[in-house]
Amino acid sequence: MSPGPGQFEPADVLNDQSSRQREPSMWDSSSVITYSNTNKVTLRQRLCLVTWGWFTISMSTGGLSILLYNQPHQFTGLKTIGKVFYIMNLVVFLFICSCLTLRFTANRSALRESFQSPTESYFIGTFMLAIATILMGAADYGSPSCGPWLQVALRVLFWIYLAVSFIAAIGLNICHFHFRMGMKEKMAIVRVLPYFPTMLGGTVASVLAQHQPPKHAITMTIAGITMQGLGFLVSLFVYSEYIYNLSRDGLPDPAIRPEMFIAVGPLSFTAIAFIGAASVAQQLFPAHYIEAAKTVNTADVAMVLAAFSSIFMWLLAFFFFSLAIMSLLAIYRSLHFSLVWWSCIFPNTGFIIATIRIGTVLHSPGILWVSSAMTIVLVAAWFIVGGLTVWSTFARRLLWPSDKEK
């Protein structure tokens, strides 16, 4: 039965290669489904085009709120600005969850297909990353004004987060290996995203444990570092493939080149986790927590190791940051906005916070002032990317079905 006037008819764009301008990306809402008739597009139909990749907006906004909280040079009202970003993150997170619920209920096969998609499935993990920023923001901004109930709630949510992120890392990778999605994905670095939630386990633990009783803080810190090790070590394997692909194939296509900033994340957040865990150890751990080392203070040794290993990782993170910046400057005339640009924000929030942590440990005012300057640039970048996202949505470049993907 043929559709009537104004009704949608799925277009077989896969068989008509001439109608495609470029390869679809997991960031494109138009890659979910395309239509041959776009004369009448309702708001409901546009909202059903939201993908898992839209959670990068939430985790970037939440990451920025955490960055503002950790600024070494505070001024009156900065914490309030950070709270505004945190509340904005909650609103964006709930909005994206509502859109995905609408999409998956409108089309019962959409959820299964999102897990089987070689473009969208890698970004399912961003849902957990957004939750991680919400938990850390709640501990930072909520602890001074809320009662003990918040710490109990965060402690319970932390253990749930670790369990779900570990299960997700196994489940998502089984799915990726089963469908051999790596053969269809051009940017190897995105394959680290399913492990990213586990890699933030240590980072989340270092923030939440500061507000917990010692007996809970110790177990949370150890468990968090354990999960951090899983995500970080697996990311090293992905790095090797990433470098190999760059050496063999050259820089990626301009449309997905901002994804190169993802490589900054694992090293930066691991540095944050190491120094954060050592700080918790200095505050709450027994002097000789590791009984085998009876002549030295466990926390002091942990801080020395954390400081030097973080410096070691920081420079490698800066190398990947510079690589991404130079690759974008090489094609700045041909850049076109898409949701992939949000990958420039979240990894760099971790990079700047790691810089702050290192500057604090080394008591270096110079490093701390550099981190403040980096924060100003990143805040400006957030407003630029956020403004372009809003404009592109109203200009029907995002969340808009069409024969030609934009």
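The accessible surface of the protein comes to about 18,900 Å², and 68% of that area belongs to carbon and sulfur atoms; such areas come from the Shrake-Rupley method with a 1.4 Å probe, and for residues only the protein chains shown count as cover. This is a predicted model, in which local features need pLDDT of at least 70 and side-chain atom pairs count only at pLDDT 80 or more, while totals for chains, interfaces and linings use all residues. Residues are numbered from 1 along each chain as its sequence is written, and side-chain values use heavy atoms, with hydrogens and water left out.

Of the 406 residues in the protein, 53% are buried. Here buried means under 20% relative accessible area, exposed means over 50%, and partly exposed lies in between (1.4 Å probe, protein chains only). The secondary structure comprises 13 helices and 0 strands, where helices (H or I, at least four residues) and strands (E, at least two) are DSSP runs numbered from the N terminus. Among contacts with a separation of 6 or more, 82% join residues 24 or more positions apart; a contact means heavy atoms within 4.5 Å.

Leaving aside residues up to four places away in sequence, Phe-196 touches Leu-129, Ile-262, Gly-265, Pro-266, Phe-269 and Phe-346.

Helix H10 (residues 264–284) has 21 residues and reaches 30 Å from its first C-alpha to its last, close to the 30 Å expected at 1.5 Å a residue; the expected span is 1.5 Å times one less than the number of residues. Because 16 of its 21 residues are buried, H10 is largely enclosed by the rest of the structure. The 30 residues of H13 should span 44 Å at 1.5 Å a residue, and the end C-alpha atoms of H13 are 44 Å apart, which agrees.

His-363, in the loop between helix H12 (346–362) and helix H13 (365–394), has a phi near 55°, a positive value in a residue other than glycine. His-363 is exposed, with a relative accessible area of 69%. H13 is followed by Arg-396, whose phi is positive, near 65°. Leu-399, in the segment after H13, has a positive phi near 55°; at 6% relative accessibility, Leu-399 counts as buried.

Val-152 lies in helix H6 (residues 148–178) and is partly exposed at 41% relative accessibility.

Charged pairs complete the picture. A salt bridge is a side-chain nitrogen of Lys or Arg within 4 Å of a carboxyl oxygen of Asp or Glu, and by this rule the count comes to 3. Glu-120 pairs with Arg-103, the closest N and O atoms being 2.8 Å apart. Glu-120 lies in the loop between helix H4 (110–116) and helix H5 (126–142) and Arg-103 in helix H3, so the pair ties together parts that are 17 residues apart in sequence. Glu-120 is buried, with a relative accessible area of 6%, and Arg-103 is also buried, at 6%. Glu-241 and Arg-191 meet in a salt bridge at 2.0 Å, N to O. Glu-241 lies in helix H9 (residues 214–249) and Arg-191 in the loop between H6 and helix H7 (196–199), so the pair ties together parts that are 50 residues apart in sequence. Glu-241 is partly exposed at 29%, whereas Arg-191 is buried at 13%. Arg-248 forms a salt bridge with Asp-249, the closest N and O atoms being 3.0 Å apart, and both residues are exposed.
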